[in-house]
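Visitor: I am new to this structure and would like to learn how to read it, step by step. Could we start once the model is in view?

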Amino acid sequence: MAAKVIDGKALAARLRERVKAHVTRLVEEHAVQPGLAVVLVGENPASEVYVRSKGKATKEAGMKSVEHKLDAATSEADLLALIDRLNRDATIHGILVQLPVPDHIDADKVLAAIDPAKDVDGFHISNVGLLGTGQKAMVPCTPLGCLMMLREELGSLSGMEAVVIGRSNIVGKPMAQLLLKDSCTVTIAHSRTRDLPGVVRRADIVVAAVGRPTMVTAQWIKPGATVIDVGINRIEKEDGGTRLVGDVDYEDVAKIAGAITPVPGGVGPMTIACLLANTVTACCRTHGLAEPEGLTA
Ligand code: NDP
């Protein structure tokens, strides 16, 4: 039987509606409008698209949206000074520095400069530590979106075998922490993993975050497993154009999986919706207001 398609677009639309409703309540009942500042350094076309769509989604949710587009030659000191201003700006509850930054800027130093309470990307070492120790953290948007899709699809994840392929700080590791928090038995696989197909075949839940087009095939998948494809890879088509594919061979894996996310239309839309959710969460925490249900892990 063909796998159920997990419609990330529809789930993200529902999450965005919930975020918007909560923003309306915050404005009407507490005179507080959540604000998100996105900082982009340089002219990376993909980053510009992401920043534009984040800004649009923020405004659509009724939040304040501020974009800072800085020249590629901006010094690290100037970027740090901007972050310092945003940290002290009471109308801004979330700060996101779009990665990658140019080589002359130390990304770790920049991420460390963001107030952890405003770190809506969840990359600050304080939030990494809080998540790793099972405490209330700002949770990275992409893994958070994956977790929400898994909970929606499977209900309780307790006791399930989960394999995360990829061990990056922004996707693989926090994804594994979240699955562990939900009581999965978690394996993190990477480029040195021996017999990767055999490892993946044990999994009830597979999260692929690798960056290798269509690497995961049906032979790797246990029948009925739930497959979340984080990968975004642009490949050439025969007509000379390009198209986006994930890390999973969708047509092949859909024949055997129980449920699968498409690319595009799976994890991507949930990532942006979770950024909005994180901004509302950050705003509520800053003002000591009750956090809405279901917006974080
Ligand atoms: P990284 O390049 O930082 O990490 C990739 C990971 O995959 C590494 O841990 C690497 O292992 C592992 N890997 C590489 N090759 C293999 C292989 N042949 N077998 C097993 N493991 C391998 O990538 P990111 O985590 O940043 O992103 C992963 C993918 O997700 C990319 O396609 C990216 O575009 C996409 N992405 C999508 C988002 C969304 O919103 N949908 C958001 C963020 C990312 P090792 O550590 O050993 O080198």
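Guide: Please keep in mind that this is a predicted model.

Visitor: What holds strands of a sheet together in general?

Guide: Strands of a sheet pair through backbone hydrogen bonds, and the pairing may be parallel or antiparallel.

Visitor: How is the order of the six-stranded open sheet written?

Guide: This sheet reads β1-β11-β8-β7-β5-β6, and its pairing is parallel. Its edge strands are β1 (4-5) and β6 (185-189), which each pair on one side only. Helix α6, residues 141-154, packs on the sheet, where it touches β1, β7 (205-208), β8 (226-229) and β11 (259-260), and its direction makes about 155° with that of β8.

Visitor: How many bridges link β5 and β6?

Guide: Strand β5, which covers residues 161-165, pairs with β6 over five bridges in the parallel sense. Within this pair, Ala162 stands opposite Val186 in β6.

Visitor: Let us turn to single residues. Is Asp182 buried or exposed?

Guide: The general idea is to compare the relative accessible area with a cut-off, and buried means under 20%. Asp182 has 18% relative accessibility, so it counts as buried. You will find Asp182 in the loop between α7 (172-181) and β6. Its side chain makes a polar contact of 2.8 Å with that of Arg151. Leaving aside residues up to four places away in sequence, Asp182 touches Leu147, Arg151, Leu157 and Ser158.

Visitor: Where is Pro116 found?

Guide: Pro116 is in the loop between α4 (107-113) and α5 (125-132). With a relative accessibility of 29%, Pro116 counts as partly exposed, a class that lies between the cut-offs of 20% and 50%. Once residues up to four places away in sequence are set aside, the residues that Pro116 touches are His124, Ser126, Asn127 and Met138. To see how sequence and space can be read together, take Pro116 and Ala273, which are 157 residues apart along the chain and whose C-alpha atoms are separated by 20 Å.

Visitor: Stepping back to the whole protein, how many helices and strands are there?

Guide: There are 10 helices and 11 strands in the protein. The radius of gyration is 19 Å, close to the 19 Å given by the globule rule for 297 residues, so the protein is as compact as a globular protein of that length. Along the principal axes, the C-alpha trace spans about 50 × 40 × 35 Å.

Visitor: What share of the residues is buried?

Guide: Buried residues account for 49% of the 297 residues. The protein exposes about 13700 Å², of which carbon and sulfur atoms supply 52%. Finally, among contacts between residues at least 6 apart in sequence, 69% join residues at least 24 apart.

Methods: Residues numbered from 1 in each chain as written. Predicted model: local features only at pLDDT ≥ 70, side-chain atom pairs only at ≥ 80, totals over all residues. Heavy atoms only, no water. Pairing = 2+ DSSP bridges. Helix = DSSP H or I, 4+ residues; strand = E, 2+ residues; numbered from the N terminus. Contact = heavy atoms within 4.5 Å. Axes fitted to C-alpha atoms, helices over the stretch in contact; angles between N-to-C directions. Rg over C-alpha atoms; globule rule 2.2 N^0.38 Å. Buried < 20%, exposed > 50% of the residue type's maximum accessible area, 1.4 Å probe, protein only. Areas by Shrake-Rupley, 256 points an atom, 1.4 Å probe, with all protein chains shown as cover. Polar contact = N/O pair within 3.5 Å; in protein donor to acceptor, adjacent residues only side chain to side chain.
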